[in-house]
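Dear colleague,

Please find the structure below.

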Amino acid sequence: MIDLKALRNDPERFKDGCRKKNSDVDIDLLLRLDTQRRDLMSRAETLRGEQKKLAKESGPKIGQLSGRLKSAQGDDRAALEAEISQLKAAPAKLKERIAALEVQLNEVTPQLESILLRVPLPPDPDVPVGASSDDNVELRRWAPEGWDWEKSFEQNRGFKPKTHIELCADLGLADFPRGVKLAGSRSYILTGMGMRLHQAVLRYALDFMVDRNGFTPMSVPVLVREEAMVGTGFFPGGRDQAYHIEETSRGGGADMFLTGTGEVGLMGLHQNEILDEGDLPLRYVTVSTCFRREAGAAGKDTAGLYRIHQFDKVEQVVICRADEQESRDWHQKMLGYVEDFVQSLGLPYRLLQCCTGDLGAKNADMIDIECWMPGRSALRADAPDDSPTAPNTPPAGEFGETHSASRLYDYQCRRLNMRTRPGGAGGKGETVFCHSLNNTVAASPRILIPILEIFQNKDGSVSVPEVLRPYLGGLDRIPPK
RNA sequence: GGAGAGGUGGCAGAGCGGCUGAAUGCGCUGGAUUCGAAAUCCAGUAUGGAGGUUUCCUUCAUCGGGGGUUCGAAUCCCCCCCUCUCCGCCA
């Protein structure tokens, strides 16, 4: 959520942010509602103040008179009753007027809030302006010794690459038909070494962040309340992407949602807390199953392990002091960890600066890492009909997104009401909303695609990246079955 | 799933229709005392919104959340959430 006061002071900045992010949120309407609401509130508050004063002044008197009324007779009684109803009349009148204002407030406030929740965080000025992912800018590339970006896989390695789907079949790593039988499209079953490789990457990634980079490992719920989805900024915008468990219709107290990333659990941990500034930055890592409906992606990446409804992900988040430079520094560090990680696996990749149109409402800046997937272009369903995608044509290869590093400033912490102050909740000084950042460490099985495709050998086997071998009992090669 | 108890400030814990934004204790901050410290004493110490004559003042809201009763609600009523205890079931 953005700061309503900041919006009031500088609406242009937020309108500009909307334009850059292709958001159609009506800032002018929001401002009008805000003015209306504050006006109604101040009027209601003034009246309530009067009412309180009256209640204090005439209240005890009413009590007294009511007491006397019980034993009063005749004329006395009538006089007392008249006096009481007169005393009651003034506050009752105020109450009516307040109620009328509140009716209006109850109309304006939800409208205002629903718009406010959708106002995107303006992108940072150094983020390139663009309409879609087509306008993203490559920052740099890295490849292991012996990989030449100028050459195709075949020229680099001396044989035609198989796609990860072919490799999964030949090596017995995944069973797609049975996955679909069980759970429908975009479902899969990892089998044998496929499952072990998946677990090895996840465990390696978790250890990498804990042992080498000092992150605290956490388990988090993947089944959460709506509040956590709104707080982390995935709702209302991304409602269609989440699986919805309708518990209220079966008598439960609250509906639940399956999370699409461990970020929800990690960021929700300290919701409504005032953290001690001295405890920051908090650095958390989790491995969790992620669920995504992939609504609107029909027909895209339908085959293989790329775009699936359920996967596992090691995710890192950092919660730091509300300081732009500190946020920027952490963003770079978190990218650095992942570059080290991907390099240790030996996967060629590039860093991609996402343009404003590709950012999403909650990010000020986002940098993706895309790994080279030699078999990927053959899988494109949106390729033109005359493109060389016939079965015998070797795939040209393509980058595929494997990581995404976001810098959110206080957007998320404001929604989560996560603040900081020297000394924590009982400390002194102003409270301020923290800053937060997140980045993938490894999402599997997607990351298995470049691993299998890059490490495939001419004889049809796949070599195991060295860093994963300790997690597979020293195994260095997965042979065809 | 059944039965019961409870959710109050940073923490512990009173209050159970008006004098309570909230006793008391602890903690924390400042001051006094001291060569210094401990102890003691004094004072202060929630969050958010709106407004202003903007190192401060005024005002409104908040005692798990929402709704209601009342001139007036932390206190009474209803719904929900959460925690704990016992029983049942269970990985």
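This is a predicted model: local features need pLDDT of at least 70, side-chain atom pairs count only at pLDDT 80 or more; totals for chains, interfaces and linings use all residues.

Domain bounds here come from an automatic or database domain assignment. For chain A this assignment gives domain 1 (4-116) and domain 2 (133-478). The centres of domain 1 and domain 2, taken over C-alpha atoms, are 48 Å apart.

Residues are numbered from 1 along each chain as its sequence is written, chains are lettered from A and ligands numbered from 1 in the order in which they are written, and side-chain values use heavy atoms, with hydrogens and water left out.

The RNA surface

RNA strand B is surrounded by 24 residues, the closest being Glu45, Arg225, Gly253, Arg421 and Thr431; a residue is near the strand if one of its heavy atoms lies within 4 Å of it. Of the atoms of RNA strand B that come within 4 Å of the protein, sugar and phosphate account for 80%. Helices (H or I, at least four residues) and strands (E, at least two) are DSSP runs, numbered from the N terminus. On that basis α1 (4-9), α3 (27-71), α4 (74-116) and β14 each supply at least two residues of this surface, and α3 gives the most, with 11 residues.

A polar side-chain atom of Arg38 lies 2.9 Å from a phosphate oxygen of RNA strand B. For Glu45, such an atom is 2.6 Å from a base nitrogen of RNA strand B, and for Arg225 the distance is 2.4 Å to a sugar or linking oxygen of RNA strand B.

Strands

Two strands pair if DSSP finds at least two bridges between them. An open sheet of three strands has the order β8-β14-β15, with mixed pairing. β8 (274-276) and β15 (432-433) are the edges; each has a single partner strand, so one side of each is left without a neighbour in the sheet. Strand β14 (residues 419-421) pairs with β15 in the antiparallel sense over two bridges, and Thr420 stands opposite Val432 in β15.

Elsewhere, strand β9 (residues 282-291) runs antiparallel to β10, joined to it by 10 bridges; Ser288 has Lys313 of β10 as its bridge partner. β10 also pairs with strand β16 (residues 435-444), in the antiparallel sense and over nine bridges. There, Glu315 has Thr440 of β16 as its bridge partner. Because 10 of the 11 residues of strand β10 (residues 310-320) are buried, this strand is largely enclosed by the rest of the structure; buried means under 20% relative accessible area (1.4 Å probe, protein chains only).

Aromatic pairs

The structure holds 13 aromatic pairs, that is, rings of Phe, Tyr and Trp (its six-membered ring) whose centres lie within 6.5 Å, with planes over 60 degrees apart counting as edge-to-face. Phe153 and Phe159 are edge-to-face, because their ring centres are 5.4 Å apart and their planes stand at 90°. Phe235 and Phe257 are also edge-to-face, with centres 4.9 Å apart and planes at 90°. Phe235 lies in the loop between α9 (226-231) and β6 (244-245) and Phe257 in strand β7 (residues 256-258), so this pair ties together parts that are 22 residues apart in sequence. Finally, ring pairs link Trp147, Trp149, Phe153, Phe159, Trp372 and Phe399 into a cluster.

With kind regards

Definitions and conventions:
A polar contact is a pair of N or O atoms within 3.5 Å; within protein, one must be able to donate a hydrogen and the other to accept it, and residues adjacent in sequence count only if both atoms are side-chain atoms. Rings of Phe, Tyr and Trp (its six-membered ring) pair if their centres lie within 6.5 Å; planes under 30 degrees apart count as stacked, over 60 as edge-to-face and the rest as tilted. Buried means under 20% relative accessible area, exposed over 50%, partly exposed in between (1.4 Å probe, protein chains only).
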